[in-house]
Structure formats: structure tokens, C-alpha cells
Amino acid sequence: MRARAATRSTGRNRGWLWLAPAVLVAALLFGTAVGETRIPLATVIEVLAVKAGLGSAALDPIDASVIWHYRLSRAVVAACGGASLALSGLILQALLRNPLAEPYLLGISAGASTGAVTVAVAGIGAGLLSMSAGAFAGALTAFALVAALARAAGGGTGMRGAGVIILAGIAGSQMFNALTALIIAQSASAEQARGIMFWLLGNLSGVRWPDSWVAVPMAALALGVGLWHARTLDAFAFGAESAASLGIDLRRTQALLIGTASLATAIMVSIAGAIGFVGLVVPHAMRILVGPRHARLVPATALAGAVFLVLSDVVSRIVIPGQVLPIGVITALVGAPAFAVVMIRGRQR
Amino acid sequence: MTPILEAVGASHAVRGREILSDISLRLHPGETLGLIGPNGSGKSTLMGLMAGLLRPSRGEIRLEGRPMARLGRRQIARRLALVAQSAETAERITVRDAVELGRTPWLGPLRPWGAQDDDAVAAALDAVDMAHMAGRDWASLSGGERQRVHIARAHAQAPRILLLDEPTNHLDIHHQIAILDLVARLSVTTVIALHDLHHALRCERVMVLRAGRCVALGPPMEILTPALIREIFAVEAEIIPHPRGGRPVFAFQRLA
């Protein structure tokens, strides 16, 4: 009994974590192999081996190019984005004690979109980094507004408070989406407008390697911050006041963790638009699988988020032959029913 | 002797309105202080101030002689534990998970869980007689069991001071007595907010609050006179000695 408890508490029983890289690699290979033209897994592995300098077989240059420049970069960014968004949702759910909290529903994604579109249309710097900065500013503004609105409306913790902040998030989303539409209508050319609209729905089509230079560090940062604060996140189980009485510095913690969640969302929005529901579905599924302890929940959520988005991306490419759906459509098709389930279960409590 | 916890003219204001005024109190190591007063008299606010969760608008709270405002949250949590009035969770955590939260101020990313933490949790579970239920889900616990788990969590925090905000609320009489006996067995300095005046008689000292002000402070048998009870709670009280020399009993009647 004691031995079992000790294992649980220290998290020494993490054998499954060794499987994580294997699962991730399998998902990435699958994501690279499947697409409009199916490329045999053997070819994929061959190309990757050559690119990694592990061989020098003669390659079909078209296959090699598709695999390396389009498919793999896209799969890697999808994995990082999935991990980042899922961790954002996990952090927001723990800190706000709200099972429905996630960047999309709280309007953070919409705010980030407005910020990114503003930068893109105005052409300030016009690069991924400046778009990310604009998205981050938009994300923080949106969260601050939504939090202030929820507070003014008397939202606390508990299911009523949970409802209030989600309503505030919906209001915020609508407002920022309207702002985005206004900016596009006012300032963008027809060509720009079409590109932006497609991107806004959540789209990984344009992703290339340079995007991963931002996405990979972001996912690593979100994972690192989450693991470092695993016990802090646990301490919020009985609410913010209880966390404070357990020695948590609320202001510092909330600023750091909500900042990280907003940054992760902003980076993903500037790369691939607003992809919804990943942050809602994945953490809940992982809670059921590995329990409420964040020492396990954080790595499990990161892994599952990565795999989920890679697979969603695959589905978005093959579900209608010859046509690529925005990935946000796929995640919403999975996420909306999950949202309903969480809401109904929340009511029964 | 330095008081372990001290309030010096402490007040607390919300939107400019003072809801607690000029509270001065010196808590001696090892004593049990009862806080009584009608609903809304400021008991919970005083608890919040003493726990360092609220900042006094005037005056100061000192923990072991040092101003609370200059201590970090973690330093405070290693010395002082709070059992708030109602702390609930929707997380699917077990009794043991909840008690383990008490070790939070002693742990960090670079100070992982160790044998002494296991010992502290085991001792805390034993203290509240919940060791056999360590694996139970929070959602399956009764109100009394939840309160015991909260006290075990506070115990695992290894504090020198324990603050309990109406820990016997909503409990049947058996569990009320069990909780009070349990708290009496813990050898820490305790401040406990109470509604039942009979329970207050078990404390070494009581502080009586009304409308945010301290009305009386001292040993319960000296303080809880029929006159004071009439003034504070607007009821007529008669004190009936216990037939076998135990604590006396109150009989209450609405003022005519």
C-alpha cells in the first residue's frame, strides 16, 4: 500500500512515457506518408534517412521534395501546434477551474486572429515573427477583456461562474471576429481577403520549415512551463484561494501560466489560423486516461494533442478526394460533440 | 514572549467600506482561540487577514514577529494552514491526492516528493482516522469526511498555526464533536470560527465580533455572560451548570 502510494506520488511509474516518442514518431511518419498521393512508408523512411545523412540512395526528386518540404514540415508543425493548444487548454482549465476553458472558447484565438490580421494587412514587418507578436498582443487583449467582463458580470468559480466566463468568451470572440472582418473589408485587397479567410478557419496548407523554427520552441516552452508548474496546477484543485493558502503566489503564477497559454495560442494562430477545440477535447480525454495529477497530465496532454492534430490534418487531406478541408473543420467536428458532453456532465454535478 | 500571530489595529475595507475595524490580538503559542459573532460580523474576513490572503487596509498582521506583508506565500504556508469554509472540487481526486496537496509549500520542481512527505501524509491520514479511506474518490465522501480530509490536508502542511473557518458547519452532532476533539488533539496553535456557543466553551479564549469590531476577548466562562449574549445575538440566555461538573449548558429564548 505504502509502496504503491510512493510510486504514485513521485510519479516514478512513468513507464508509458518511454512509449511517447515512439507514438509521436509513428504519427509523424503516418502524417508524412498519407496525402493526396499516397507514398509508401518505405520511401518516406528512405527519404528521411538520406536527408538525415544516414544513407545515399538515389531518390525520386519529386517524392523527396514532397516528403521533405511539404509533408514532414507540415506534420512537425501540426504536432507542435497540437501540443501547444492542448497544453493551453489544460492550463486554462486548471487555473480558471473551468472544464470548458480553452483558448478558442475564451476568445483568445479570435483576439490573436485580429492581432495577426492587423499586422498582415498593415504590413508591419510582415513576417512570421511580427505576425506572432501581433497575435500575442491580440490574445492578451482578448483574455484581459473577457476576464474583466466575466468579473463585472459576477462570475466566480463553480458551474455558474464557468457559464459566465464562457459567455464572456463568446461575446469576446464575436467582437474580435467582427473586428477582423472589418479590417479585412476595409484594408485588404480581394486576393489578400481570400487568403486570410481560408487561413482564419485553421489551415496548415501553407506551412513550410521556417514555421517549425517558431512552433518547435513554443511547444517545448509550453511543455517545460507545464512540467515545472505541475504541482502548482495540482494546487488549484480546490480553487485559487486554496492554492494561495498552500503557498502559491497567485499573481506571479497566473501571469506566467496564462501568458504562456496565450503565447502558445498566438503562435499557432499566426502559423495556421484559429484551430478550435483541441484544447478542450484532449485534456479531458487525458484526465480520464491518466487521472488528475498534472505531473502525468501535462506530458500526456502534450503527446495526445500532437498526435490528435497530426491525425486531424491527415483526415482533412483525405476525407474529400481532391480537396483539402481546413483542419479547423475536422477538429470542430470532433470537438463540438465533446463540448456538449462536458457541458451535460458538468450540469449533473 | 513574542506572540506567534499578532494583529495590530488591523482593518479591512472593501470598496472603501470598512468591514473589519481595529482588531488587535496576540495569539500565544499552543492556545486555542474561538471566534464567535453573528453572520456577517467579519469572522471570515479576520480569518483571511490572519491567513495572509487579504491585506489589511490599516494596521498590520505579524507572523512570529515579522510583518505578514513582507513574507512570501510559501513562507506563510509553511507556518500556517487554513481550512476554509467550503472548498470543493470537480476534479476526480482521491482522499490521498487531497491530503498530499498539503505538502505543496515544502515541494518544488527541484525538491521532489520524498519519504518524509509520505510520512507526513500517512500521519495526517491517521490523525483524522481516514487512512482506511485513502483511495476513495472525493465525490463519494460525505460532508463530515470531506471536512476531515481538509483538516488532514492542513495537518500534512505541518503548520504551527491552524486556522479553521466554521469547520463544524453542516455536520451532524456526532461529527461536530469528532471534529472538535480531533482539532483539540492536534498540538498546534488554533484559531477556530464557531457558531455554537457550547463549542466555544472548549476554547482557552474567545473573541466576540460584532459588525467588524471586537466586542470582547478572554476566557469563555468570563466572557459569555447572559448580558453579552443578549447584546450580540439578541437572545435571552440562561446558563445552566452541568449536573456532574462538566461544561455548563446554555438555554436560549428569543427576546420578548
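The UniProt annotation "transmembrane region", from an unreviewed entry, is placed on residues 75–96, 103–125, 131–150, 162–185, 255–282, 294–312 and 324–344 of chain A. In the predicted model examined here, the span of residues 75–96 of chain A is 100% helix and 0% strand, and its end C-alpha atoms lie 31 Å apart. Residues 131–150 of chain A are likewise 100% helix and 0% strand, with a distance of 28 Å between the end C-alpha atoms of that span.

Helix 14 of chain A comprises residues 294–318, and the annotation includes residues 294–312 of chain A. This helix has 25 residues and reaches 35 Å from its first C-alpha to its last, close to the 36 Å expected at 1.5 Å a residue. Of the 25 residues of helix 14 of chain A, 22 are buried, so the helix is largely enclosed by the rest of the structure.

Chain A touches chain B through a contact that takes 23 residues from chain A and 27 residues from chain B. On the side of chain A that touches chain B, at least two residues are supplied by each of helix 1 (2–10), helix 10 (230–235) and helix 11 (240–245) of chain A. Helix 1 of chain A provides the largest share of this side, 5 residues. By class, the side of chain A that touches chain B consists of 11 nonpolar, 6 polar and 6 charged residues. For the complex, the predictor gives an ipTM of 0.88 and a pTM of 0.88.

Chain B contains 9 helices and 12 strands. Its mean pLDDT is 91, and 100% of the residues of chain B reach 70 or more. The radius of gyration of chain B is 19 Å, which agrees with the value near 18 Å that a compact globule of 256 residues would have. Along its principal axes, the C-alpha trace of chain B spans about 60 × 45 × 35 Å. Buried residues account for 43% of the 256 residues in chain B. Among the contacts in chain B with a separation of 6 or more, 64% are between residues 24 or more positions apart.

For chain B, UniProt lists residues 5–236 under "domain: ABC transporter", again in an unreviewed entry. Residues 5–236 of chain B are 33% helix and 27% strand, and the end C-alpha atoms of the span lie 34 Å apart.

Backbone geometry was also examined at individual positions of chain B. Most residues other than glycine have a negative phi. B:Asp22, which is not a glycine, has a positive phi of about 50°. This residue is found in strand 2 (residues 17–27) of chain B. B:Asp22 counts as partly exposed because it has 15 C-beta neighbours inside 10 Å, a count that falls between the limits of 12 or fewer for exposed and 20 or more for buried. A positive phi also occurs at B:Ala234, where the value is near 55° in a residue other than glycine. B:Ala234 is found in the loop between helix 9 (226–233) and strand 11 (235–240) of chain B. With 10 C-beta neighbours inside 10 Å, B:Ala234 counts as exposed.

Technical notes
Residues are numbered from 1 along each chain as its sequence is written. Chains are lettered from A and ligands numbered from 1 in the order in which they are written. This is a predicted model: local features need pLDDT of at least 70, side-chain atom pairs count only at pLDDT 80 or more; totals for chains, interfaces and linings use all residues. Two residues are in contact if their C-beta atoms, placed from the backbone, lie within 7 Å. Helices (H or I, at least four residues) and strands (E, at least two) are DSSP runs, numbered from the N terminus. Ala, Val, Leu, Ile, Met, Phe, Trp, Tyr, Cys and Pro count as nonpolar, Asp, Glu, Lys and Arg as charged, and the others, Gly among them, as polar. UniProt positions are given in the numbering used here, feature names are shortened, and annotations may be inferred rather than shown by experiment. The radius of gyration is taken over C-alpha atoms; the globule rule is 2.2 Å times the number of residues to the power 0.38. The expected span of a helix is 1.5 Å times one less than its number of residues. pLDDT is the predictor's confidence in each residue, from 0 to 100.
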